[in-house]
Amino acid sequence: MLTDYLPVLIQIGLAVFFAVAILGFSHLMGQRARTNSLKDSAYECGMLPEGRAGARFSVKFYLVAMLFIIFDIEVVFLIPWVLVYRDFLSQNLPILFPVLFFILVLVVGLIYELKKGVLEWDK
Amino acid sequence: MPSTEELQALVAANTWSALLPEILLGVLALALLAVDAFAPRRQPQTLLAAMVGQAAILAWLLFAVFTAEAGEARVYFAGSVVQTALSDWMRIFFVTCSLFTTHLALVYLRNREYPRVEYIHVSLVVTASFMLLVQSGNFLLFFVALETLTIGFYVLVAFARTSRFSLEAGLKYLVMGGFSSGILLFGIALLYGVAGNPLLPATAVDPLNFIELGAFIGAVGIDGANAAHPLVIAGSLLVLTGVLFKVGAVPFQIWVPDVYQGAPTPTTAALAVASKAGGFFVLFILLSGPFLALESLLFPVLAGVTAVTLVFGNIAPLGQQNVKRIMGLSGVAHAGVLLLGMLAAYQVPWAFHAVLFYLLVYAIASFAVFEVMAHLAPDEDADQDISHYRGLLKRHPLLGSALVIGLGSLAGIPPLAGFIAKVLIFVAAFQAGLYTLLAVAILGVVISIYYYFGWMRAAVLRELVDDGESGREPLRVTIPTKVILVALALITVVGGIFQAGLTKLVGLS
Amino acid sequence: MMSSIAHLALFDGVAELFRAMDAASPRAHTSVLLLGIFGPLAFALALAISGKLEDRAVKIAGFLGFLLPALSGLWLWIAYLSLGVEGGYAFLINASTGLDFLGVSLFLGLNGISLPLYVMSGIVGLAAGIYAIQSGVERLRLYIILHLIMLGGLMGLFASIDLFFFFFFHEFALIPTFLLIAIWGRQGRRAVALELTIYLTLGAMLTLAGLIALAVLSGAGSFNLIALRVALMETGWQNAVYGLLLIGMGILVSLFPFHSWAPRGYATAPAPTAMLHAGVLKKFGLYGLIQIAVPLLPEGAMAWNPLLLWLALGNILIIGLITLAQRDLKLMLGNASVMHMGYAFLGIFAFSAAGIGGAVLMMVAHGLSVALLFLLADSIETRCGTTDMRDLGGLGNQAPVLMAFFVAAIMASIGLPGFANFWGELAIFTALWASASPWVIAPTVAGIVISAIYGLRAVARIFFGESATEFRGGDLRGAEKAAALILLLSLFFVGFWPRSMSDSIDAAVADSFPPAATFAPVAALDD
């Protein structure tokens, strides 16, 4: 049974080998770099960096991103629902209202966001 | 695709009415948001409706418990939801906690520029999740409920978004909470994997179900007991870690002081009371259900955790001056005593009821103390110092006496209910033969007197020091607050002398 | 055994009355017992929740609260003797409070051992109460409330047959002590209050552990003392549990190496608190050993007795010498009260009816006399502003009544005949003589010499010679005199008629202990 996993082991071995080999060989055989303070500076050539490295984004981007994720996941939930919808209906089993309740929850959230002005970009 | 019969059976198991209180809490939470979005000027009425709604749900649950006839556990949703007499009481417990938290939040938000309805909204969702958590019959609902309430707590902890402390606490809780959730999930995955292994005896069809998992772990095959399987051991220990994180047991207490300090006072109260109670009830479900066969493994582990928790929890608050940190760190000590009761429950059948009694008494005393804290908090909620309590008894006798009674009960001073609770756990531990741990716990009680005493002394003795800051204006205490404080203090005092009401409530008699 | 009371024709009529009451309703005397315990608590509650009251009303309500236990004690004493219970339990009442599943219930009653202490507690409570009411301290109402709670707890503790409530009432009395010292104590009160709190909580917790162990391990499934009497424990457990109880209760009684909280605590406490604590509350540990630990764990007691002997001698000799070196009157009294506990422990060591009986009588006498001494020391302090004996002097001329009381109290505590203390100590010595190690008497007698030295020296320093302080306020006032007189008369009463107590003590003790040297010869001396 364990032999089934042999390719995985080989793969791991290869990965480790290449990582070690590339670093090791270049260390052993490659040219040594000359190091001085200029050489080690962030940009050896070009302009000196100005300002903060971490640029600040408006929080609105995050809000939109989060909204996107929420509705994205809603869709993820709806896809399996669509797949079994017909079967459930044919068996006369309740399937519409549970999911409507689920969507209602999201809709209330959406209304709340709209009223709070989350989606008004210039506000 | 499952067969028609299977589908019909599954749908038939979905008894939504069994979860109506939780659903209604969720609907209430949603309705609050919607109403507030459309009628922001009607906020006082909206908040009142939130209180009334919770009270109505509480009344309904109480009515249901008192009219229900005793019987077997009720199983719904194909084993996902298991309702017992104890879990019914825990649901009532959580709704009551929610009411107190709501009230604390209203006091806290009175002079602060944070959204109000949103706080109540999240708090209600957290409450509903707690109620689902204590009824969970498999790891799926267990994890979903636990995550929902944890995410809710992330919001509640960082709610004071202009306070550095609150943001720090939020970040810490997020990182540590995420870490513990990950560990818990990993444990669940390991158990799921090993219990579904067809090569082992008594393979579970639904390995996430607590009953099936328990049967699997308890089974013994030719190659030895399943309980000795390394993956079972690793999985159960990892799951246990996740739960111990919630109750703040050492060595998973690292988040406690900072989060308790930084979080807004109502959140701190909810963490201290509801989170701890939920954690211990879940621990009980796990230890008495799926992990029952692992006693020989888990007992020594839990005993070690109990010992260090008791030691740490009683020594750490000694040097503290910040009362929220004291509440947090002494909460660790209370977790130690409760763990002692859990250990005793292995031998002594009534010990878990003693744990529930302790939780109940602890909740009552804690809410009394937190109510007082919410009234005395300076503008920066995290800077609550013992010195703010100087001369409180003189400044406002009701707040002062409620604080002293609450703290006395937490310290376990007779004739308050906290003393009875400690004695019950000690007797149970003695009957279970846990002499060493008992000795540690008793020493802990002696040490704990020191820091509770310091706080009480500030309230009782120190004369008012006019330092011109920290809110020396007259305290605003509304009539409902007075009623709440008197009721909590009264229960604590009467419960210490005449215990019949409380013992009956937790099923001891 | 015939009660000596029967010889008194005068008593017959009264006894007939009490018997008739009991026959009419078995609850008649029990309700007096309940009144003695819950009366002061009810008055405390009433004072706490009533709104603005005139000073006078507070004082009257407080006095009534303090009076009830004393009356209850005297009433029950007469009733007990009239009913002829011969040391057994009387006035029983058993009420459930919701802990029945553990075998815990509020079970009250008195037997030959607890009755004398109950009576003594009521009397000391009345004296301390009167003294507290007249003291005129700040926040007088809270002061009275806390003392009332303390007194209620004390009465309840001696009347408890249930181990849990025995401990519970003790804590009831102990908690107000901490507050009283912390709020109204002398200089350095905060540190002393904290030290006392932690030390005594440790003692209390050890005792609690011991009591739980006793109830659980005996297998009686009950905390009820009467039920536990029949259940005997294995030897190994007996040793362990007795050790726990001895150390826990030893801390509370200030047994030799665990005594360090006591002298400073008493010196710092306000006078009524010191009277109630040193006089009554401290007897909790001894009472617990005599009533619970020794009879229920005889083998454990035998095993620990050799150690107990040395610790008790430590109390008498080492603390005795420390007492000699004290210059502050209150510290001296605090140390002296620690020292005298040694005699009571020796009574337990003797392990005979006479020894234990003597210890009980000694506890009663010591409670009365030490309360009187603390009362007088405090009245000296209020008049001279100090209790440093180097600064005091010549009070005899200015306050002759105070001096008379003080001399009498010192005589009593030394153990002169005519005072109750004499009988207790004599019985203990007799028991020691009959015990396996009669040599113990030698150091014990040396202890008496020591207490005579420091007692008489204190009298000489305070009342004779020159004074270095200003004397204000004159001789004892009426209320102070009344409080002191109550205590002194009680000391005389028991001193001249010890059989009024010793008969029932003897009968109760005889059940549990070998009569190696009976208590009776001592008691027969007054016939």
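## Chain A: fold and extent

Of the 123 residues in chain A, 0% are buried (buried: 20 or more other C-beta atoms within 10 Å of the residue's own; exposed: 12 or fewer; partly exposed: in between; C-beta atoms are placed from the backbone). The model is predicted: local features need pLDDT of at least 70 and side-chain atom pairs count only at pLDDT 80 or more, while totals for chains, interfaces and linings use all residues. Residues are numbered from 1 along each chain as its sequence is written, with chains lettered from A and ligands numbered from 1 in the order in which they are written.

Chain A has four helices and zero strands, in the order α-α-α-α along the sequence (helices are DSSP runs of H or I of at least four residues, strands runs of E of at least two, both numbered from the N terminus). Its radius of gyration is 28 Å, well over the 14 Å that the globule rule gives for 123 residues, so chain A is more spread out than a compact globule (radius taken over C-alpha atoms; rule: 2.2 Å times the number of residues to the power 0.38). The C-alpha trace of chain A spans about 75 × 60 × 15 Å along its principal axes.

## Domains of chain A

The domain assignment places residues 2-39 of chain A in domain 1 and residues 59-116 in domain 2; such bounds come from an automatic or database assignment. The centres of these two domains, taken over C-alpha atoms, are separated by 47 Å.

## Contacts between chains

Two pairs of chains are in contact, and chains B and C share the most contacts (contact: C-beta atoms, placed from the backbone, within 7 Å). Chain A and chain C have no contact, and their closest C-alpha atoms lie 47 Å apart.

## Helix H12 of chain B

Helix H12 of chain B covers residues 295-315, 21 residues in total, and reaches 29 Å from its first C-alpha to its last, close to the 30 Å expected at 1.5 Å a residue (expected span: 1.5 Å times one less than the number of residues). Its buried residues include Leu298(B), Leu302(B), Val305(B), Thr309(B) and Gly313(B). Seen down the axis of H12(B), the buried residues fall within an arc of 135°, so they line one face of the helix (arc of the directions from the helix axis to the C-beta atoms).
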